[in-house]
There are 2 protein chains.
Amino acid sequence: MMKNSFKSVIPETTLRRMVYYIRCLNSFKKEGVELIQSEDIAKKCGVKSSIVRKDLSYFGEFGVRGKGYDVASLLDTINGIIKTFGQMNAILVGAGKLGSAIIKHSSENFNVKIVAAFDKDKRKVNKIIEETRIYPLSEIEGIVREKKVKIAIIAIPPSDVQSVVDILVKAGIKAILSLALIPINVPDDVEVSFVDVLSEVEFLFYKLSLRRNR
Amino acid sequence: MMKNSFKSVIPETTLRRMVYYIRCLNSFKKEGVELIQSEDIAKKCGVKSSIVRKDLSYFGEFGVRGKGYDVASLLDTINGIIKTFGQMNAILVGAGKLGSAIIKHSSENFNVKIVAAFDKDKRKVNKIIEETRIYPLSEIEGIVREKKVKIAIIAIPPSDVQSVVDILVKAGIKAILSLALIPINVPDDVEVSFVDVLSEVEFLFYKLSLRRNR
């Protein structure tokens, strides 16, 4: 019920920030902070406080005027939504520096579990990074089907991206996060998302350049 | 003139997507594509086509009804804006797997140049990754001032983040991109932005879970 009402009204940009808020709120919780102002969340998440207030309003009435937000109940609600995601198993293709860093990050921190990694380099196959084994690309389809994985992260050279994407789609993957910012062709029922560190840096340059011209 | 009119009206979310559009458009250009539909850009960038049309409308009239967008002139305009960013020199703190991957990425691809890297691990100091030298943290302030760098990328363990941020701010850094999604305290004149791969993966799980419940 609650969920159905959520999905019809919460904008995608709010949902995207939600996972960021969780990190901030967990951090506040660890510090023993019980009540918090939207300005504090804003600053620590790098989001404007007016946006924080609007975002949080979609999840219910957490704010107490003059006192701020109750960290614990806000976390409970957002974590409740997160739980509806199901077990967050993903695979990773590309066990180079970036891929290895992602496996390590996932083993240390959060909700996403990398259940298998794949690499075309035979020297990497069968190695284990933080409990995640590296398989050859030829095993993608079998493992995706066996483990019922729906999401793949790809950290591979641009020239390999489309051929790997085709394998993933054929195997039944329904969402791909690419760390190479090059165009990808997928069927309409497959979600694609991109993360690119240097694009974010360019955006920061843009913000600073605006400031210089003010 | 043009720039001033831009900055007053273009929303931040549009600006953020702009750097993504450049990647897509460059890719189309390489393929020899001259005219393109918003749907094509949308699909390759992972953005809705209605959003693409709205975003591009901020930059001028590029669309020709029924024919699509002129790839070359769109690129010229966006690259013109990018040039106003100035030379995009940045430093990197943390030359582990993730940091090294970012240096390599920057050396291969785009506009951002990593002019120096820093690490607290003495065994890494003085090594060179793709022409970028690794220095000890004690040299941050001198090098930032000497090279007049305003932007820093940090790829370090959460427990080190705030102390490194304090050094960066003292050295005159005005924008920080953190790859650890933990709260950061900075003065009001310092921009902070976060990139976190696993958060993006969680967001994809969210999108798939909505679809299952449709």
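I looked first at the contact between the two chains, counting heavy atoms within 4.5 Å, and found that 74 residues from chain B and 74 residues from chain A take part. This is a predicted model, in which local features need pLDDT of at least 70 and side-chain atom pairs count only at pLDDT 80 or more, while totals for chains, interfaces and linings use all residues. Residues are numbered from 1 along each chain as its sequence is written, chains are lettered from A in the order in which they are written, and side-chain values use heavy atoms, with hydrogens and water left out.

I then looked up the buried area, the accessible area (1.4 Å probe) lost on putting the two parts together, summed over both: chain B and chain A bury about 7,400 Å², 66% of it on carbon and sulfur atoms. Of the area that chain B buries against chain A, Glu202(B), Phe205(B) and Tyr206(B) supply 10%, more than any other three residues.

For salt bridges (a side-chain nitrogen of Lys or Arg within 4 Å of a carboxyl oxygen of Asp or Glu), I found a count of one between the chains, and Glu191(B) and Lys207(A) meet in a salt bridge at 3.3 Å, N to O.

Pairing needs at least two DSSP bridges between strands; five join β4(B) to the parallel strand β5(B), with Asn89(B) opposite Lys113(B).

Terms used: Helices (H or I, at least four residues) and strands (E, at least two) are DSSP runs, numbered from the N terminus.
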